[in-house]
Amino acid sequence: MLPWEMTTKGFKVDADDPRAPPADVWEAMTEAERAKVIASLPSEIPRAHPPEGDRHFLPKIKAREALGEYFRRIGRGVYLGSELPVYYPGERVFAPDLIAVLDVDPHPRERWAVSQEKRGVDLALEITLHGDPKKDLERNVVLFARLGIPEYFVLDARTSRLIGYRLAPGDSTYTPIVPQGGRWTSKVLGLDLSLEAGRVRFFHGSAALPEASELIVRLEGMMDDLTTRVETTDRAREEADRAREEADRAREEADRAREEADRAREEADRAREEAEARAERLAKRLRELGVDPDDT
């Protein structure tokens with residue numbers, strides 16, 4: 001029995017087993033019919049197991065944040081989704097812990113429908129902890145290779161292992177990625193992956209991609225340094241202003257002292273002139289009286 005129904009009104013999604021139309025059915029649809037089918041594909045799927053707590057959540061969200069910030073900085077479009085329903089034509093829906101699709105518009109999505117996007121998933125990452133390990137470690141290895149997903153990584157949080165698979169051109173089964181120096185190379189991302197403190201760490205060359213919390217600490221440190229420099233600059237400016245004001249006051253006092261000295265000199269000159277004039281008048285008077293002032 002097919003997990004969908006073809007009626008006189010077109011393709012109908014099975015609510016118990018939602019799947020995107022097979023490729024031939026999709027090609028026969030009009031754009032309006034396609035839009036209607038895509039809208040009917042659930043954007044949430046029931047969990048087989050309850051949420052697994054921080055040991056499952058944190059590695060997933062930290063990996064997504066680190067990759068998102070890295071591709072944002074290098075200006076390359078990448079869509080990153082976490083537990084996003086993925087619909088391959090005619091296949092059972094699945095929702096990996098993290099998917100990456102390179103060189104696409106990273107706008108928010110409710111689902112990844114391959115027929116609509118015209119692109120399959122480039123990389124999938126699963127984190128296995130308390131659920132069925134065979135899903136991530138066995139069944140997905142077969143399924144994702146058959147679907148043509150180029151790379152697949154599994155963080156086995158139970159045993160602190162990182163496992164990587166790559167699909168060689170023309171192959172339908174994965175080849176294990178052999179780590180070198182504790183790192184697994186992702187050709188899709190152009191990065192290396194390693195296992196660190198129970199989570200996946202990404203490297204570009206020898207540099208680790210910073211996680212969001214590390215970026216926050218780094219930015220806070222930069223802000224503290226900037227604040228210190230601003231405060232130091234402000235203090236230096238204030239000291240320079242005070243020194244300039246003191247220099248201005250000293251210059252004004254020097255100008256006043258110079259003006260007072262000039263006035264004192266002028267007064268001394270006038271006093272000398274007046275004394276000389278009085279002496280001349282006295283000498284003249286003495287001569288008029290018949291007294292030689294030089295004999296006195």
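Q: In S13, which residue is the bridge partner of Leu-193?
A: That's Phe-202. Two strands count as paired if DSSP finds at least two bridges between them. Here S12 and strand S13 (residues 199-204) run antiparallel, joined by 5 bridges.

Q: What should I know about the model and the names?
A: It's a predicted model, where local features need pLDDT of at least 70, side-chain atom pairs count only at pLDDT 80 or more, and totals for chains, interfaces and linings use all residues. Residues are numbered from 1 along each chain as its sequence is written, and side-chain values use heavy atoms, with hydrogens and water left out. As for names, strands (E, at least two residues) and helices (H or I, at least four) are DSSP runs numbered from the N terminus.

Q: What about S11 and S12: how many residues are between them?
A: That hairpin has 4 residues between its strands, and Gly-190 in the turn shows a positive phi of about 70°. Strand S11 (residues 184-186) pairs with strand S12 (residues 191-196) in the antiparallel sense, over 3 bridges. Look for Ser-186 opposite Leu-191.

Q: In what order do the strands of the open sheet come?
A: Read across it as S3-S5-S7-S8-S9-S10: 6 strands, with mixed pairing. The edges are strand S3 (78-81) and strand S10 (175-176), each pairing on one side only.

Q: Which residue stands opposite Val-78?
A: Leu-102 in S5 does. S3 and strand S5 (residues 98-102) run antiparallel, with 4 bridges joining them.
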